[in-house]
Amino acid sequence: MIAVIATLNFIINIAWFLIIASAIFSWLYAFNVINVNNNAINMIGRSLYQLTEPLYRPIRRFLPDMGGVDLSPLVVLVILYFIWYFLNTTVASAVIGI
(Lines give C-alpha, C1' and ligand atoms only; values in the text may rest on other atoms or scores of the structure.)
Protein backbone atom coordinates (compact mmCIF):
# COMPACT_ATOMS: atom_id res chain seq x y z
CA MET A 1 0.00 0.00 0.00
CA ILE A 2 2.92 2.33 0.64
CA ALA A 3 4.02 1.78 -2.96
CA VAL A 4 0.59 2.94 -4.15
CA ILE A 5 0.84 6.08 -2.01
CA ALA A 6 4.35 6.77 -3.32
CA THR A 7 3.17 6.30 -6.91
CA LEU A 8 0.23 8.67 -6.38
CA ASN A 9 2.62 11.21 -4.84
CA PHE A 10 4.82 10.92 -7.93
CA ILE A 11 1.84 11.48 -10.24
CA ILE A 12 0.77 14.51 -8.21
CA ASN A 13 4.29 15.93 -8.44
CA ILE A 14 4.32 15.49 -12.22
CA ALA A 15 0.91 17.18 -12.51
CA TRP A 16 2.15 20.01 -10.28
CA PHE A 17 5.20 20.52 -12.51
CA LEU A 18 3.10 20.47 -15.69
CA ILE A 19 0.67 23.06 -14.32
CA ILE A 20 3.49 25.41 -13.30
CA ALA A 21 5.23 24.92 -16.66
CA SER A 22 1.96 25.58 -18.49
CA ALA A 23 1.33 28.78 -16.54
CA ILE A 24 4.85 30.08 -17.18
CA PHE A 25 4.58 29.16 -20.86
CA SER A 26 1.26 30.98 -21.19
CA TRP A 27 2.76 34.12 -19.62
CA LEU A 28 5.75 33.99 -21.95
CA TYR A 29 3.42 33.48 -24.90
CA ALA A 30 1.07 36.30 -23.85
CA PHE A 31 3.90 38.83 -23.46
CA ASN A 32 5.63 37.77 -26.72
CA VAL A 33 8.82 36.73 -24.94
CA ILE A 34 9.06 33.52 -26.96
CA ASN A 35 8.94 33.16 -30.73
CA VAL A 36 5.44 31.92 -31.50
CA ASN A 37 6.41 31.04 -35.10
CA ASN A 38 8.91 28.39 -33.98
CA ASN A 39 7.58 24.86 -34.53
CA ALA A 40 9.27 23.50 -31.39
CA ILE A 41 7.70 26.22 -29.24
CA ASN A 42 4.28 25.55 -30.76
CA MET A 43 4.67 21.81 -30.12
CA ILE A 44 5.59 22.43 -26.47
CA GLY A 45 2.65 24.79 -26.06
CA ARG A 46 0.19 22.36 -27.63
CA SER A 47 1.50 19.51 -25.50
CA LEU A 48 1.19 21.51 -22.28
CA TYR A 49 -2.29 22.64 -23.28
CA GLN A 50 -3.46 19.09 -24.06
CA LEU A 51 -2.03 17.76 -20.80
CA THR A 52 -3.48 20.44 -18.52
CA GLU A 53 -6.78 21.35 -20.18
CA PRO A 54 -8.64 18.23 -18.94
CA LEU A 55 -7.78 19.34 -15.39
CA TYR A 56 -8.89 22.93 -15.95
CA ARG A 57 -12.12 22.37 -17.90
CA PRO A 58 -14.30 21.14 -15.00
CA ILE A 59 -13.03 23.94 -12.76
CA ARG A 60 -13.74 26.64 -15.34
CA ARG A 61 -17.41 25.68 -15.38
CA PHE A 62 -17.75 26.80 -11.76
CA LEU A 63 -15.43 29.82 -11.68
CA PRO A 64 -16.87 33.20 -12.60
CA ASP A 65 -15.44 35.10 -15.58
CA MET A 66 -12.60 37.22 -14.22
CA GLY A 67 -12.02 39.25 -17.38
CA GLY A 68 -8.98 37.52 -18.83
CA VAL A 69 -7.54 36.16 -15.58
CA ASP A 70 -7.71 32.38 -15.37
CA LEU A 71 -7.72 31.10 -11.80
CA SER A 72 -8.30 27.46 -12.69
CA PRO A 73 -4.58 26.53 -12.41
CA LEU A 74 -4.54 27.91 -8.89
CA VAL A 75 -7.66 25.95 -7.95
CA VAL A 76 -6.22 22.75 -9.43
CA LEU A 77 -2.96 23.28 -7.49
CA VAL A 78 -4.92 23.70 -4.25
CA ILE A 79 -6.89 20.52 -4.96
CA LEU A 80 -3.68 18.62 -5.75
CA TYR A 81 -2.11 19.89 -2.53
CA PHE A 82 -5.15 18.74 -0.54
CA ILE A 83 -4.96 15.28 -2.11
CA TRP A 84 -1.20 15.09 -1.49
CA TYR A 85 -1.61 16.18 2.15
CA PHE A 86 -4.50 13.77 2.71
CA LEU A 87 -2.47 10.89 1.24
CA ASN A 88 0.60 11.66 3.33
CA THR A 89 -1.17 12.22 6.63
CA THR A 90 -4.47 10.38 6.89
CA VAL A 91 -4.03 7.52 4.46
CA ALA A 92 -0.34 6.90 5.19
CA SER A 93 -0.89 6.92 8.96
CA ALA A 94 -3.82 4.52 8.59
CA VAL A 95 -1.69 2.17 6.50
CA ILE A 96 1.31 2.35 8.79
CA GLY A 97 -0.88 2.14 11.89
CA ILE A 98 0.18 5.29 13.73
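A residue counts as buried when its relative accessible area is under 20%, as exposed when that area is over 50%, and as partly exposed in between. In this predicted model, Phe-86 has a relative accessible area of 40% and is therefore partly exposed, whereas Phe-82, at 57% relative accessibility, falls in the exposed class. Both phenylalanines belong to helix α3, where four residues, about one turn of the helix, lie between the positions of Phe-82 and Phe-86.

Aromatic pairing was examined next, and the count comes to four aromatic pairs. One of these is formed by Tyr-81 and Tyr-85, which are stacked with 6.1 Å from centre to centre and 25 degrees between the planes. These two tyrosines, four residues apart in helix α3, are separated by about one helical turn; Tyr-81 is partly exposed at 44% relative accessibility, and Tyr-85 is partly exposed with a relative accessible area of 45%. The rings of Phe-82 and Phe-86 also make a stacked pair, because their centres are 6.3 Å apart and their planes meet at 20 degrees.

On the α2 side the contact is made by Leu-55, Tyr-56, Ile-59 and Arg-60, and on the α3 side by Ser-72, Pro-73, Val-75, Val-76 and Ile-79. Classified by residue type, this contact of α2 with α3 comprises seven nonpolar, one polar and one charged residues.

Conventions
Residues are numbered from 1 along each chain as its sequence is written. This is a predicted model: local features need pLDDT of at least 70, side-chain atom pairs count only at pLDDT 80 or more; totals for chains, interfaces and linings use all residues. Side-chain values use heavy atoms; hydrogens and water are left out. Contact means heavy atoms within 4.5 Å. Ala, Val, Leu, Ile, Met, Phe, Trp, Tyr, Cys and Pro count as nonpolar, Asp, Glu, Lys and Arg as charged, and the others, Gly among them, as polar. Rings of Phe, Tyr and Trp (its six-membered ring) pair if their centres lie within 6.5 Å; planes under 30 degrees apart count as stacked, over 60 as edge-to-face and the rest as tilted. Buried means under 20% relative accessible area, exposed over 50%, partly exposed in between (1.4 Å probe, protein chains only).
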